[in-house]
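The structure is shown first, and the notes follow by topic.

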Amino acid sequence: MENSVSSKCLTCGSTDIVRNITVSQSVEVGSTGLEYRTAVMLIGTEALLADLCTQCGTVLRLHVKNPDRKWITKS
Ligand SMILES: [Zn+2]
């Protein structure tokens with residue numbers, strides 16, 4: 001969607017960036033992501049998306065698709 005946003009790897013300077021890679025873990029651990037409360041007070045998980053530099057392997061950015069959640073924070 002936002003392919004016009006130019007970004008460069010801060011580590012190696014490459015513009016060879018793959019966007020919105022889904023971050024996942026093995027099945028037994030469950031899903032990895034940022035937790036939020038759903039309407040019924042269950043805990044949901046918003047998938048983490050990563051932008052990766054394919055030249056040096058640096059993850060440039062971690063982000064989620066829907067930032068408007070009731071996020072669970074440790075306080
Ligand atoms: Zn790089």
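Strand E4 (residues 59-64) is hardly covered, for the count of buried residues among its six residues is zero; a residue is buried if 20 or more other C-beta atoms, placed from the backbone, lie within 10 Å of its own, exposed if 12 or fewer, and partly exposed in between. Strands (E, at least two residues) are DSSP runs numbered from the N terminus. This is a predicted model, in which local features need pLDDT of at least 70 and side-chain atom pairs count only at pLDDT 80 or more, while totals for chains, interfaces and linings use all residues. Residues are numbered from 1 along each chain as its sequence is written.

**Pairing of E3 with E4**

- Strand E3 (residues 43-53) runs antiparallel to E4, and five bridges join the two; strands pair if DSSP finds at least two bridges between them.
- Within this pairing, Leu48 stands opposite Val64 in E4.
- E3 and E4 form a hairpin with five residues between them.
- In the turn of that hairpin, Gly57 has a positive phi of about 85 degrees.

- Strand E2 (residues 33-37) is joined to E3 by five bridges, and the two run antiparallel.
- Gly33 stands opposite Ala47 in E3.
- E2 and E3 also form a hairpin with five residues between them, and Met41 in its turn has a positive phi of about 65 degrees.
- E1 and E3 are antiparallel and are joined by four bridges, with Thr22 opposite Leu49 in E3.

**Cys9, before E1**

- Cys9 is found in the segment that precedes strand E1 (17-22).
- Cys9 is classed as partly exposed because 19 other C-beta atoms lie within 10 Å.
- The C-alpha atoms of Cys9 and Leu52 are separated by 8.5 Å, although the two residues are 43 residues apart along the chain.
- Leaving aside neighbours within four places in sequence, Cys9 is in contact with Ser14, Ile17, Cys53, Gln55, Cys56, Thr58 and Leu60; contact requires C-beta atoms, placed from the backbone, to lie within 7 Å.

**Ile72, after E5**

- Ile72 is found in the segment that follows strand E5 (70-71).
- Ile72 counts as exposed because it has 12 other C-beta atoms within 10 Å.
- Ile72 and Tyr36 are 36 residues apart in sequence, with a C-alpha to C-alpha distance of 5.3 Å.
- Not counting residues up to four places away in sequence, Ile72 touches Glu35, Tyr36, Arg37 and Ile43.

Conventions:
Two residues are in contact if their C-beta atoms, placed from the backbone, lie within 7 Å.
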